[in-house]
Amino acid sequence: MIRKHFVYNIWALTVLLSLLTSCSDSDYTDFIPSNCTAVISVKTTSMSGEGSPFNEIRKTFSGNNEELAGIDATKDILLFETPDGTLGMCAALSDEGDFGDFLQKLKTEGNTDNFVERDGYTFCCLKKSWIVGYNKSAVIVLGPILASDRARTVRRITAWLNQDESASIKHSPLWEHLQEAQSDIRMVAQSSTLPEQIAAALSLGAPKGTDPDDILIEAEITFSDNTMHLKGMPCSYNVNVKQSLQKAQTIYRKLTTDWNTQMDAKAFAGIFMNVNGEELMPYLHNNKALNTMLLGTDAYDKIRDNKEEMAILLSPNGKATDDKNMTAEVRNLPNGKTTSEEHLVVVLNLGAIGNSASDKDNIIPLLAGTKRIIYTLKADSVNDKAN
């Protein structure tokens with residue numbers, strides 16, 4: 001079955017942003033733990049505007065676009081994931097009292113309950129599944145959780161609100177890489193937190209046996225036409241892994257055809273590249289995830305013989321209990337007549353997930369109408385070769 005991943009699950013947190021979105025003495029980022037496996041920074045201005053999924057969620061939950069009290073709109077909101085898969089949000093507060101009043105308003109609407117005080121901090125449960133904890137400078141939201149985990153989650157947030165700056169995300173490689181991006185919505189994540197189809201394609205070139213946690217995936221994120229666009233590159237704080245990934249990127253040439261025409265409606269994932277198959281094969285053999293996806297097909301011969309453009313399509317096989325629940329097809333394509341700035345494109349077609357109850361429960365409600373996720377390797381990370 002398809003697992004929930006960070007890119008999918010940020011939609012659950014955007015719901016909370018719409019419920020909680022005017023400066024603070026402390027640096028609110030000090031309260032985010034250093035062992036996060038993924039982090040996304042969102043400017044509050046990206047929560048509204050034409051085509052913004054944040055705006056649609058705001059309308060759904062608030063019924064209007066009034067300014068919500070308490071959150072410092074001049075500072076980015078940070079979404080993060082912890083090693084156990086718990087999702088979090090951290091935002092700066094502009095006024096603790098206004099924010100508390102806002103939570104009480106949500107209580108009268110049935111959206112918050114179970115208010116408690118601990119170590120001078122205020123906590124409550126939001127939408128039955130999320131714990132909100134705040135002090136005078138910041139708010140942390142954590143979940144989703146079961147009712148039996150509420151006390152433990154309060155203790156966990158309390159520890160973060162009490163932690164020293166040296167234990168914060170500022171001392172994480174993810175934070176260092178996050179500061180290098182300039183877009184309104186930007187992400188850095190360990191590859192293991194992303195959908196495996198994206199992680200596998202972007203991990204091509206990593207030395208055999210590389211821990212997925214040693215590969216970081218950077219991305220600038222935008223939205224349009226029910227599509228989440230991620231543009232970035234793989235990297236690593238491990239020098240050997242970083243150099244190997246950079247070397248592999250030099251084999252990609254610019255795409256010259258419209259990959260959209262090759263993306264079947266029934267295909268869940270598509271990987272598109274313009275590459276000499278002989279150069280790609282050594283990297284493919286070292287990539288356990290892609291090898292598993294291609295096992296039992298004629299893909300290896302087609303990839304080895306490829307000289308121009310190529311599409312790798314993965315489609316659900318309908319066997320929910322099968323460990324290998326995707327079938328793979330490789331298409332060798334002649335070069336086209338146009339040249340784009342795209343070198344490697346990975347597409348996830350969420351409409352092809354399936355109709356099983358678990359798939360719908362786990363993914364569909366969190367996507368806010370998003371139909372596709374497209375990851376494009378940044379052109380400036382690729383050393384172009386002649387076509």
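These are legends for close-up views of a predicted model.

Local features are taken at pLDDT of at least 70 and side-chain atom pairs only at pLDDT 80 or more, while totals for chains, interfaces and linings use all residues. Residues are numbered from 1 along each chain as its sequence is written, and side-chain values use heavy atoms, with hydrogens and water left out.

View 1. The largest cavity comes to about 50 Å³, where volume means the space filled by probe spheres set on the points, with grid points joined across faces, edges and corners. Around the largest cavity sit Ala201, Leu202, Leu204, Pro234, Leu245, Gln249, Tyr252, Leu344 and Leu377. Helix 6 (196-202) and helix 7 (239-249) are the elements that each supply two or more of the lining residues. (Helices are DSSP runs of H or I with at least four residues, strands are E runs of at least two, and both are numbered from the N terminus.) Sorted by class, this lining has 8 nonpolar residues, 1 polar and no charged; Ala, Val, Leu, Ile, Met, Phe, Trp, Tyr, Cys and Pro count as nonpolar, Asp, Glu, Lys and Arg as charged, and the others, Gly among them, as polar.

**View 2. The second largest cavity.** The residues lining the second largest cavity are Leu255, Thr257, Trp259, Gln262, Phe272, Met273, Glu309, Met310 and Leu333. Strand 11 (269-274) and strand 12 (309-316) each give two or more residues to this lining.

**View 3. Aromatic pairs.** The structure holds 3 aromatic pairs, counted when the ring centres of Phe, Tyr or Trp (its six-membered ring) lie within 6.5 Å; planes under 30 degrees apart are called stacked, over 60 edge-to-face, and the rest tilted. One of the 3 pairs is Phe80 with Trp160, edge-to-face at 5.9 Å centre to centre with 70° between the planes. This pair links distant parts of the chain, with Phe80 in strand 2 (residues 77-81) and Trp160 in helix 4 (residues 150-162), 80 residues apart. Phe80 and Trp160 are both buried, where buried means under 20% relative accessible area, exposed over 50% and partly exposed in between (1.4 Å probe, protein chains only). The ring centres of Phe99 and Tyr134 are 5.0 Å apart and their planes lie at 80°, so this pair is edge-to-face. Here, too, distant parts of the chain are linked: Phe99 belongs to helix 3 (residues 96-108) and Tyr134 to strand 6 (residues 130-134), 35 residues apart. Both Phe99 and Tyr134 are buried.

**View 4. Strand 6 and its two partners.** Since 5 of the 5 residues of strand 6 are buried, it is largely enclosed by the rest of the structure. Trp130, Val132 and Tyr134 cover one side, with Ile131 and Gly133 on the other, and all are buried. Strand 5 (residues 121-126) runs antiparallel to strand 6, joined by 5 bridges; strands count as paired when DSSP finds at least two bridges between them. Opposite Ile131 of strand 6 stands Cys125. In the hairpin of strand 5 and strand 6, with 3 residues between the strands, Lys127 has a positive phi near 55°. Strand 7 (residues 138-143) is also antiparallel to strand 6, through 4 bridges, and Leu142 is the bridge partner of Ile131 there. Strand 6 and strand 7 make a hairpin with 3 residues between them.

View 5. With 5 of its 6 residues buried, strand 15 (residues 372-377) is largely enclosed by the rest of the structure. It pairs with strand 10 (residues 227-235) in the parallel sense over 6 bridges, and Met228 has Ile373 as its bridge partner. With strand 14 (residues 344-349) the pairing is antiparallel, over 5 bridges, and Val345 stands opposite Thr376.

**View 6. Around Ser191.** Ser191 sits in the loop between strand 8 (185-190) and helix 6, and at 4% relative accessibility it counts as buried. Leaving aside neighbours within four places in sequence, Ser191 is in contact (heavy atoms within 4.5 Å) with Ala199, Ser203, Pro212, Ile215 and Ile217.

Technical notes: 1 Å grid on protein atoms, 1.4 Å probe; cavity = no way out; pocket = protein on both sides within 12 Å on 5 of 7 lines; lining within 4 Å.
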